[in-house]
Amino acid sequence: MPSCQVLRLLQYESSENDRRVLESESIWLCLSCDTCHSRCPQTINTPKVMYFLREESVRLGLAHPKSKDAQAFHKAFLGSIARHGRLHEIGMLMNYKFRTGHLLQDMTLGSKLYQKGKLELLPHGIEDKAAVKNLFKRTTGDKE
Amino acid sequence: MRIGYYPGCSLTSSAREYDESVRAVCEMLDLTLVEIPDWNCCGASSAHVAGAELALGLRARNLALAEAAGLDEILAPCAACFNRLASASVELADAPDKRQAVSEVIGMPYSGKVRVLNMLAVLERFKDQIAAKTEQSFRHKVACYYGCLLVRPTKVAQFDRVEDPQSMDQIMAATGAKPVRWSSKTECCGTGLSTITRTELVANLSGRIVADAAKREAVAIITACPMCQTNLDMRRPEINQKLQQKHRIPVLYVTQALGLAMGIDPQRLGLQRHMVPVELPEPEPEVVTTDDDDDED
Amino acid sequence: MSRLGVFVCHCGENIGATVDVTEVAERCKHMSGVAHAEDYKYLCSNPGQNKIKQAIQEHQLDGVVVAACSPRMHEPTFRRAVSDAGLNAYMCEVANLREHCSWVHQKADSTTEKAVDLVRLQVEKVKRNKPLDTIQVPITRSALVIGGGIAGIQAALDIADSGHKVILVERSPALGGHMAQLSETFPTLDCSQCILTPRMVDVSRHPNITLLTYSEVEHVDGFIGNFKVAIRKRARMIDEELCTGCGECLQKCPTKNVIDSFNEGLSMRRAIYVPFAQAVPNIPVIDTEHCRRYQKKKCDRCAKACPTKAIKFDQKDEILNVEVGAIVVATGYQVMSTDRFPEYGYGTYPDVITGLQFERYASASGPTQGVIKRPSDGKEPETVVFLACSGSRDAAKGVKYCSKICCMYTAKHAMLLKHKNHNAKAYVFYMDIRAAGKNYDEFVRRAIEEDGVKYIRGRVSRIYEEDGKLIVKGADTLLGGEPVQIKADMVVLASAALPNHGQGELAQKLHVGTDPYGFVAEAHPKLRPVETTSAGIFLAGACQSPRDIPETVGQASAAAAKVTALLSRSHLAREPLVAEVNRRPAPEYSTCTGCLLCETACPYQAIGHEDIKDRNGNVLKTLAKINPGLCQGCGTCVSLCRTKAIDLHGYSNEQVFAEIMSL
Amino acid sequence: MADDVFEPKITAFVCNWCTYAGADLTGTSRLKYQSNVRIIRLPCTGRVDFMLIQKAFARGSDGVIVSGCHPNDCHYTSGNYHARRRWMVFNDLMEFMGLDMRRITFSWVSAAEGAKWATLVNEVTDHLRELGPYTEYQRLLNAGVA
């Protein structure tokens with residue numbers, strides 16, 4: 001369903017329609033390109049709405065099956081930052097692949113990237129790793 | 001002149017050539033880059049999933065570190081990092097309460113004064129020097145591609161105009177390039193989170209951009225965003241498969257294009273790292289000067 | 001010692017339900033200076049008013065407090081009643097027990113307590129009231145109409161027909177306004193020029209109308225019944241008496257490349273020009289910004305061509321000072337230009353035009369003699385997309401309001417296109433179709449059903465150029481938001497109607513209020529729709545908000561009726577609540593020191609100064625002097641006065657301090 | 001408990017055209033607010049003299065509200081601008097004299113803002129209730145400052 005229908009359903013303020021939205025795949029398709037926001041005559045920040053709906057759908061366990069990969073990606077990404085303070089692309093990608101089972105995806109691309117010097121095998125963390133770990137702890141509890 | 005520098009994670013690995021070319025060009029322009037000590041990842045679009053507080057904290061730490069190092073302006077060449085950091089800077093600028101809260105989270109003070117600039121905003125200031133340092137006139141038709149994150153949302157980017165932006169076109173024109181008038185300047189390449197998770201969507205969206213640039217007879221797509229560059233360059237096999245075409249139009253970072261014009265060694269600019277080989281035709285012959293947007297159609 | 005009467009109203013249950021009215025009346029009896037107090041069910045009724053009148057006579061009251069609804073409601077009623085009973089009308093005050101007490105608080109002792117306080121406040125005030133007489137001001141029995149579009153034309157004709165003199169000021173060289181630019185009018189499709197031209201001729205021939213075109217209001221002073229207006233009559237460089245309108249001069253002018261604003265920039269005109277063929281007056285103007293005579297100090301071809309020697313190159317602007325009793329503002333609107341739309345190309349695509357430009361193409365007297373063409377290459381477009389709500393109802397980049405006329409003229413445009421080119425395709429993107437009006441919805445249905453105009457419900461997110469076409473990308477919300485893409489030859493924006501340029505400056509000169517968008521504000525949105533916030537200044541037409549021709553004409557006639565009613569009297573009674581400078585016996589004369597701070601603060605230029613002189617004419621002292629005819633009673637001067645020499649009748653220092661001290 | 005609640009005394013100086021009419025609208029809309037405020041109707045906030053405010057405190061008000069038309073909407077074109085300018089000048093003076101500035105509220109309430117008037121009065125009342133009685137002013141009076 002297009003985003004106008006997502007918002008229309010929410011305007012009903014009915015639990016039934018809310019559920020239809022939270023279970024939809026639509027809310028996971030937004031690229032946050034912000035084009036709609038910049039052209040909206042009512043300045044609705046649709047990407048922000050979509051962020052919120054995703055959080056809600058995960059929290060309530062209603063997330064669309066196709067969103068699994070995206071969720072796994074975010075987990076892998078955040079895990080990498082929480083550990084090193086910066087993103088370690090290979091580590092993150094391996095983590096993502098294990099989480100999703102897409103073990104063979106982009107295998108050839110990966111080796112090409114490595115040849116071009118675009119992938120670092122070892123993570124380059126920051127000095128003050130404790131600072132970032134604390135940041136995670138204070139804002140999200142103890143989980144990564 | 002000196003300015004704070006926030007390379008961001010991509011520029012240390014998959015977009016290494018952007019970092020290399022930024023440093024090379026800034027050196028030519030006598031602009032000293034002072035890397036923010038011990039910067040951390042801005043959190044990109046993933047931090048939001050774990051909550052707004054974490055997302056803001058990750059970004060604010062970098063601003064606070066910059067401030068502690070005495071930097072009041074920082075350059076974030078990566079469009080995503082720019083967008084994330086700038087939005088934090090704007091959000092915190094007029095909100096003492098929020099600053100107070102975030103200072104506690106990151107364990108550092110922040111007074112809200114650091115301004116975040118993208119690559120184009122910085123280069124715009126050096127248009128005259130760029131023209132002066134151009135050794136080999138870059139007389140090519142180029143498609144300047146801005147993407148989403150440099151101009152939107154207006155409140156955050158505070159830069160150029162939101163539809164049909166002009167800054168990169170003017171920067172490139174300073175080297176003698178002929179920016180084409182095209183309609184995909186600010187179309188989305190499909191990055192979001194789907195670069196890796198939804199490759200089929202990316203090929204579709206990026207494909208339209210490559211096809212449009214090719215149709216307008218551009219010999220290179222110029223960008224200032226690692227995500228855009230990656231999608232248009234690294235995903236080219238998928239794009240060509242989707243379009244049933246063999247587009248070979250290279251995708252250069254704006255700093256790489258400027259570097260070539262200034263006569264910097266291609267190796268130093270990291271051109272060898274591209275997936276689509278960077279092979280530019282002979283520059284177009286110098287003809288009677290016309291307006292930069294002569295009719296393409 | 002005063003003998004005051006207090007009358008407390010129950011207002012049925014409205015006050016009685018939460019305030020113990022009997023208790024209030026009882027308590028009032030014990031207030032100092034109160035000779036009589038009673039309560040009654042409805043004081044505003046005739047029996048209620050009679051009770052007050054009887055009590056005044058019976059108890060020889062010298063002041064009255066009515067505790068009832070808001071004074072904004074019935075103060076005049078009770079003042080009239082008091083006056084009927086022989087007391088001065090201004091010896092009556094109203095305590096607001098309803099809007100400020102019973103309706104906003106729960107039933108409680110504290111609410112009754114507040115009611116008592118509110119009455120005591122007025123009791124203390126009225127004790128210090130002074131009898132006042134209304135001020136009689138003579139009226140200048142003529143009117144000024146600003147703006148020569150259909151609104152101004154109609155208002156001027158109606159006022160003039162009633163026998164009063166009218167001065168009609170129009171800033172462009174000819175009458176007609178936007179209506180003269182229109183092709184055909186909805187919903188009847190009759191030709192705009194054909195119905196307008198006779199009216200313009202009527203104006204020029206009417207013995208009671210003085211028509212001043214190419215003129216602007218420079219300065220306005222005074223007040224209702226007595227306005228003094230300075231009008232700048234700009235130099236046309238033509239002697240209007242000598243010019244016969246033969247047009248010889250127009251043919252000879254060598255400058256042919258001036259953008260023609262009457263044709264909305266779609267064609268060129270000469271430096272000496274008449275805006276359009278049927279122009280009233282049919283007298284040319286020399287555009288000195290483009291004329292070679294003024295720019296390069298040479299060329300006199302027009303003067304040579306003129307058979308009556310009417311061309312006067314050294315003519316100067318004239319300032320005309322006139323006095324009028326009433327003013328009608330009819331300054332119209334302008335449309336948002338195409339460069340205000342980022343996603344539609346910032347005005348860079350020549351074939352994206354405004355509705356007003358389309359009117360000029362469709363008009364038989366337009367740049368293409370009524371053939372619809374497109375600006376870029378002059379070809380007749382096959383596919384035209386019309387975008388309703390361009391800038392209207394767009395809080396982000398345009399204006400929040402609905403421009404009201406666009407739904408109808410867009411239907412008309414699409415219809416005209418189909419009538420002129422049967423093979424053309426017309427698409428209309430719309431948010432809602434607002435066609436309320438006599439025969440309006442039927443008109444839109446005709447466009448859709450008989451003429452085959454395709455209506456798509458959705459907005460257009462982007463327009464770009466590709467292969468000589470305009471790619472219009474939008475969505476069809478009736479197909480669930482499905483993306484729609486149309487390759488168009490031309491796009492017509494029904495762009496928002498805005499307050500006319502210069503409207504803000506004029507509003508300031510006139511001291512009339514404007515709304516947040518800059519349109520002239522009406523005195524009351526429902527009950528006083530053709531009056532402005534300044535007495536004696538009326539409004540008509542789209543200067544108030546966008547509106548169509550029938551509504552504009554109706555409003556213009558309404559404003560004219562108001563003006564006529566005002567001018568039918570010889571004098572005007574005004575409230576005597578004005579400021580006054582105190583006077584003392586010599587040698588003090590007044591506590592005023594003549595610092596004249598008040599003069600600069602007065603928003604009405606009502607304060608001047610006077611000299612106290614001895615027999616020999618030597619100035620002993622200079623005092624501020626207030627013109628009661630100009631003073632509106634705001635009291636700004638009172639609080640500014642350092643020596644408390646100025647006081648305001650009805651809100652005097654003594655009265656207000658007594659009110660405070662009563663609490 | 002309810003008996004112990006402090007009921008502040010509030011004097012409001014409002015203009016006839018905007019805030020007085022706005023407060024009328026509060027009534028017509030039947031919106032409820034606390035009954036502590038006593039309105040003194042003036043033609044315009046331009047008529048509000050600093051002495052009036054001072055007198056209200058001297059007379060035992062715990063708080064004062066001054067409210068008129070929004071900037072640009074003044075019935076008298078510019079009276080409210082004069083009020084605002086005077087307010088800015090006297091603000092410093094009153095502060096210097098030792099007046100408790102938290103007890104003076106300056107606001108714009110238009111004839112259309114009935115709900116805003118109710119909110120304003122409630123907020124001011126609650127705030128003054130927290131601040132307690134303005135006994136300090138009597139001390140200033142005795143010291144001959146105010």
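Me: What makes the pairing of the C:Ser267 and C:Asn263 side chains a polar contact?
Reply: The distance between them is 2.9 Å. The cut-off is 3.5 Å between N or O atoms, with one able to donate a hydrogen and the other to accept it. The pair therefore counts as a polar contact. Keep in mind that this is a predicted model.

Me: Why is C:Ser267 called buried?
Reply: C:Ser267 has a relative accessible area of 17%. Buried means under 20%, so the label applies. The residue sits in the loop between strand E13 (258–259) and strand E14 (268–269) of chain C.

Me: What does C:Ser267 touch, beyond its neighbours within four places in sequence?
Reply: C:Ser267 is in contact with C:Val258, C:Ile259, C:Asp260 and C:Pro367. Each of these contacts rests on heavy atoms within 4.5 Å. C:Gly366 lies 99 residues away along the chain, yet its C-alpha is 9.0 Å from that of C:Ser267.

Me: Is C:Cys389 buried or exposed, and how do you know?
Reply: Its relative accessibility is 10%. The limit for buried is under 20%, so C:Cys389 is buried.

Me: How do you know that the peptide bond from B:Arg152 to B:Pro153 is cis?
Reply: Omega is near -15 degrees, and the bond is assigned as cis. B:Pro153 is in the loop between strand E5 (141–145) and helix H7 (154–157) of chain B.

Me: What is omega for the peptide bond from C:Ala586 to C:Pro587?
Reply: Omega is near 5 degrees, and this bond is cis too. C:Pro587 is in the loop between strand E33 (579–581) and helix H16 (597–601) of chain C.

Me: How does the span of helix H3 (residues 71–84) of chain C compare with the expected value?
Reply: The helix has 14 residues. After H3(C) comes C:Gly86, with a positive phi near 100 degrees.

Me: Which residues of H3(C) are buried, and what do they pack against?
Reply: They are C:Pro71, C:Glu75, C:Thr77, C:Phe78, C:Arg79, C:Ala81 and C:Val82. Within chain C they pack against helix H2 (46–58), strand E3 (63–68) and strand E4 (92–96). From chain D, helix H1 (19–28) and strand E2 (37–42) join in.

Me: What makes B:Glu163 and A:Arg39 a salt bridge?
Reply: Their closest N and O atoms are 2.6 Å apart. The limit is 4 Å between an Arg or Lys side-chain nitrogen and an Asp or Glu carboxyl oxygen, so the pair qualifies. The count between chain A and chain B is one salt bridge. There are also 16 residue pairs in polar contact across this interface, both residues at pLDDT 80 or more.

Me: Which pair of chains has the most contacts?
Reply: Chains A and B, among the four pairs that touch. The contact takes 45 residues from chain A and 53 from chain B. Together they bury about 4400 Å², 61% of it on carbon and sulfur atoms.

Me: What does the contact between chain C and chain A look like in numbers?
Reply: It takes 11 residues from chain C and nine from chain A. The buried area is about 720 Å², with 52% on carbon and sulfur atoms. C:Ala396, C:Lys397 and C:Gly480 supply 39% of what chain C buries there, more than any other three residues. There are zero salt bridges. Five residue pairs make polar contacts, both residues at pLDDT 80 or more.

Me: How do you know that chain D stays clear of chains A and B?
Reply: The nearest C-alpha atoms of chain A and chain D are 23 Å apart, and the chains do not touch. For chain B and chain D the closest C-alpha atoms lie 21 Å apart, again with no contact.

Terms used: Residues numbered from 1 in each chain as written. Chains lettered and ligands numbered in written order. Predicted model: local features only at pLDDT ≥ 70, side-chain atom pairs only at ≥ 80, totals over all residues. Heavy atoms only, no water. Buried area = accessible area lost by both parts, 1.4 Å probe. Helix = DSSP H or I, 4+ residues; strand = E, 2+ residues; numbered from the N terminus. Expected span 1.5 Å × (residues − 1). Buried < 20%, exposed > 50% of the residue type's maximum accessible area, 1.4 Å probe, protein only.
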